[in-house]
Amino acid sequence: MIASFDRERLIGFIAILLIWIRIMSKFRAVIAVIIMWIPLSCMSEQLSREQIKGLDEQVQEIKKDVLAISAELNLLEEKLLYPSNTQVSIFISIVKNSHYNPDAVQIKVDNKKVAYHIYSFKEVDALRRGGVQRIYTGNIRSGGHKLEISLIGKADGESKSTKKSSFTINKGIGPKLVEVSLGANGSLIEIKER
Amino acid sequence: MFQRVITSIIFILSASVFAANGNSSKTDLFFNEGLYYAYQENYFDAISRIDAELGQYYGLDEPELNSLHFYLNNAEFSIGDFELYYRMHNRAGRAIKAVLEGDVEDTIKNDAAYRLAKIYHQKQQPENALHTIQRIKGEVPENIKYDLELLKAQIFISNKMFPEAISLLSEIENTSAVAGYASYNLAIAYIGNNQVEKGIIQLDKTGELSSGDKAVLAVKDKANLVLGYKLMENKKPTLAKKYFERIRLNGPFSSRALLGSGWADVAAEKYKQAVVPWTILSKRNITNQSVQEVLLGLPFAYGKLEAHGKAAILYGKALEAYSNEINKLDNSIKNILEGKFLEAIVREEFKKDKNWLINLRNLPDTPETHYLMQLLASNDFQESLKNYFDLDGLAKKITSWDGYLDSYTELITARKKYYTPLFPVMQEKFRLLDSRMKLRLAQRNKIGDRLHKMLIAPRPDYLAKVDERLALNKIYRLEKKYAKDSAANVNGINARISRLKGVIQWNIDTEYQQRFTEADKNLALLNEHVNELENNYRSFVRTRQSATQSFVGYDDSIRQLKNKIKFAGEKVDLLLIRQGHMLELMSINELKARRKRIEELQIKARFSVAESYDRAVKAQQNKELERAKEKVLKNNKDNKTDLKGTKP
């Protein structure tokens, strides 16, 4: 009896809410907030599988929305902060099958320190598996620029060592991509310009 | 004809090899950056970065020139794959479906399909799991080969396709990679298929497995436990005891086994034997359900052994323990209601420890997590907890984005202020330079065209030097002057003029090739300068364009993004509250269920303690009565002896 009364009250409440939604269609965010609260307020002491599943689906939906916003922000950031005519990006990778373990790397462009990174175990593992780290994105004028890379690390079974290398990179009209490969036989640091 | 075909094949093969080599050396740095995050299990950043890269790729006029073009299928697949890892199987399902029809290796496709099916199976969506697993075709990665078969069989069992499960499990039952699991599931499949006898035999077989693997040993214990309780139900306690005794004392099922072992003895009326496992069990952690139950069982056994005093004391201890546990549970429920459980679980420092959730109990004002062990291990709780963490992560991201857009707007305003007065001046200078540049470029093109034509139709006169041209002009004038003159020495002059003309013409004609080569070299040099000029021109145009674009056309997109972020933030906050509430409710429900069970035990203990005291008192009274009787009898005997001795 009590349960049926509660149900009728709930249906009545939803009906009034729907009418109100039609009137207040301008305030979509507020309505969404209220709609999301309905199941919470009606949530009984016992949780059903449908409730768990329903919430899980809503979480998946919001993840999708936030991911889309993040991708949009990434694009906006790149367009706004790093226009293609001045953009330079420096990437770090480890040469395939190399036994080199970087501890830290420092990047200087035209004698100015632009990036410094200390590697965690997980990051080194990701690099070894073929991942590439974007360590720096910035703006430079077109023409030649000095790139200095300082590296601390060690190969398997060897002692820790520090290595410094200098390169000249040429910035053209388009975005400049520089891949710094670590662990190459002989030179230890190699760069590929794109 | 045949030769032509062979040549074509060789050409195609060599071209494809070249293309393959070309592709392998040209990695897409932005796609691999996404992989860098994915390999660190940071799937949000991985997806958003690859998404952004794909968005840019599809916006290109000539996407085939982009390095991502060679990895497009991989990138599309990876997005779906990472979404699967990020527990977005609704979306990932669609993405993977799309990719399954694309050009990705079977092993990669099947690995993802396996994981998707596993998620559906864990989320108790057996039909979706079956549909997904049936789509696996072709080569399967070696590392999941048997796990896949086992999962397939489990999905068959969930869908009540027992004969299929039996046939599959019978094939892999003895495979070491899935040893124990396959055997146990085979027993379940037999029982599900109404072949109970076979099921019991199979459980017995599983219960005798020998392995060094802890997980396999746990399955072995579970099989023995299931079998033991099944035999108890069928009133075969002596046989059941054999199975309970097979279970390890340090395994996850040991407490239930000790409890069952004691009950098997009690059922066989061997109370003394029952005391042994129950005493061991009673010394274990009180939060364990079996331990709580044995606190009643042990005095019951002593009672049956007529040790009513001991039983009464143990019942008293049980009552005290139950009361303490109820207080603990009440405090835990209170802490959860005050939000302390959620506060504790989002602490980053705890997550570094593998057992961080269990260790929560060491924190003051947090619930007794030992009571939540079973709940914590359940898939629903785990998934809800992961969702809670993900939502917490999203909320933190959204908060950080709030500031970004405001700084972007400030940046745009500053740029507008700086560039707007510069543009008119710069535009005027550019207009002048542009017209001069166009004129020079037209001249260069004319020269280039002329030289090109001279390759076909040589024109030595075009390559005459300046002094030669001047001399020739002078000669032409002199020729004209003396043409109508009839003076005596005119012939001599004309002859000299002709000679001079001939000398110049000779030089022009004979040096033509050398001069042409030199002109060509000069043109090439000029081209270098022209190229540099054109580069500077393009660079300037691009800079001007990007300067203009650096503050124009962002208002709408920033406004829209702000709204999206605001709306998403509100939604995330609410979902976070709801998910947190759900976790709290799950925990409270679990704690309440345990509290209810302890209350039931408490009631039983109260009755039993009274009964035991009654019996103990009664036994004591009986004893005293016996003693009194004995005393009276003895006294009577003594009196009789005394009377006999004092006879006159």
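Two strands are said to pair if DSSP finds at least two bridges between them. In this predicted model, strand S7 (residues 176–184) of chain A pairs with S8(A) in the antiparallel sense, over six bridges. Chain B, by contrast in content, has 26 helices and zero strands.

**The open sheet of chain A**

- Strands S4, S1, S7 and S8 of chain A form an open sheet in the order S4-S1-S7-S8, with mixed pairing.
- Strand S4 (133–139) and strand S8 (188–193) of chain A each have a single partner strand and stand at the edges, so one side of each is left without a neighbour in the sheet.
- On average, neighbouring strands of this sheet are turned by 20° against each other, direction ignored.
- Within the antiparallel pair of S7(A) and S8(A), Ser181(A) stands opposite Glu190(A) of S8(A).

- Nine bridges join strand S2 (residues 100–109) of chain A to strand S5 (residues 143–155) of chain A, and the pairing is antiparallel.
- Asn101(A) has Lys154(A), in S5(A), as its bridge partner.
- S5(A) also runs antiparallel to strand S6 (residues 161–171) of chain A, to which 11 bridges join it.
- The bridge partner of Gly144(A) is Asn170(A) in S6(A).
- The hairpin of S5(A) and S6(A) has five residues between the strands, and Gly157(A) takes a positive phi near 80° in this hairpin.

**The contact between the chains**

- Chain B gives 57 residues to the contact and chain A gives 48 residues.
- On the side of chain B that touches chain A, the elements giving two or more residues are H2, helix H3 (43–58), helix H5 (89–100), helix H22 (379–456), helix H25 (512–549) and helix H26 (555–645) of chain B.
- H26(B) supplies the largest share of that side, 18 residues.
- By residue class, the side of chain B that touches chain A divides into 27 nonpolar, 16 polar and 14 charged residues.
- Helix H2 (residues 29–39) of chain B lies across strand S1 (87–94), S4 and S7 of chain A, and runs at about 130° to S4(A).

- Chain B has 648 residues, of which 29% count as buried.
- Among contacts in chain B between residues at least 6 apart in sequence, 61% join residues at least 24 apart.
- The largest nonpolar core has 69 residues, and those with the most contacts inside it are Ala117(B), Ala165(B), Leu169(B), Ala189(B), Trp278(B) and Leu298(B).
- Helix H10 (residues 181–192) of chain B provides eight residues, the largest share of this core.
- Beyond its neighbours within four places in sequence, Trp278(B) is in contact with Leu258(B), Gly262(B), Val294(B), Gly297(B), Leu298(B) and Ala301(B).
- Another core, of 61 residues, lies apart from the largest one; among its members are Leu147(A), Tyr43(B), Leu54(B) and Ile79(B).

**Two loop residues with positive phi**

- Asn97(A) lies in the loop between S1 and S2 of chain A, and its phi is near 65°, a positive value in a residue other than glycine.
- Asn97(A) counts as exposed because it has 7 C-beta neighbours inside 10 Å, where the limit for exposed is 12 or fewer.
- Glu269(B) lies in the loop between helix H14 (254–267) and helix H15 (271–282) of chain B; this residue, other than glycine, has a positive phi near 60°.
- Glu269(B) is exposed, with 10 other C-beta atoms within 10 Å.

Methods:
Residues are numbered from 1 along each chain as its sequence is written. Chains are lettered from A and ligands numbered from 1 in the order in which they are written. This is a predicted model: local features need pLDDT of at least 70, side-chain atom pairs count only at pLDDT 80 or more; totals for chains, interfaces and linings use all residues. Helices (H or I, at least four residues) and strands (E, at least two) are DSSP runs, numbered from the N terminus. Axes are lines fitted to C-alpha atoms, for helices over the stretch in contact, and angles run from 0 to 180 degrees between N-to-C directions. Two residues are in contact if their C-beta atoms, placed from the backbone, lie within 7 Å. Ala, Val, Leu, Ile, Met, Phe, Trp, Tyr, Cys and Pro count as nonpolar, Asp, Glu, Lys and Arg as charged, and the others, Gly among them, as polar. A nonpolar core is a set of buried Ala, Val, Leu, Ile, Met, Phe, Trp, Tyr and Cys residues joined through C-beta atoms within 7 Å. A residue is buried if 20 or more other C-beta atoms lie within 10 Å of its own, exposed if 12 or fewer, and partly exposed in between; C-beta atoms are placed from the backbone.
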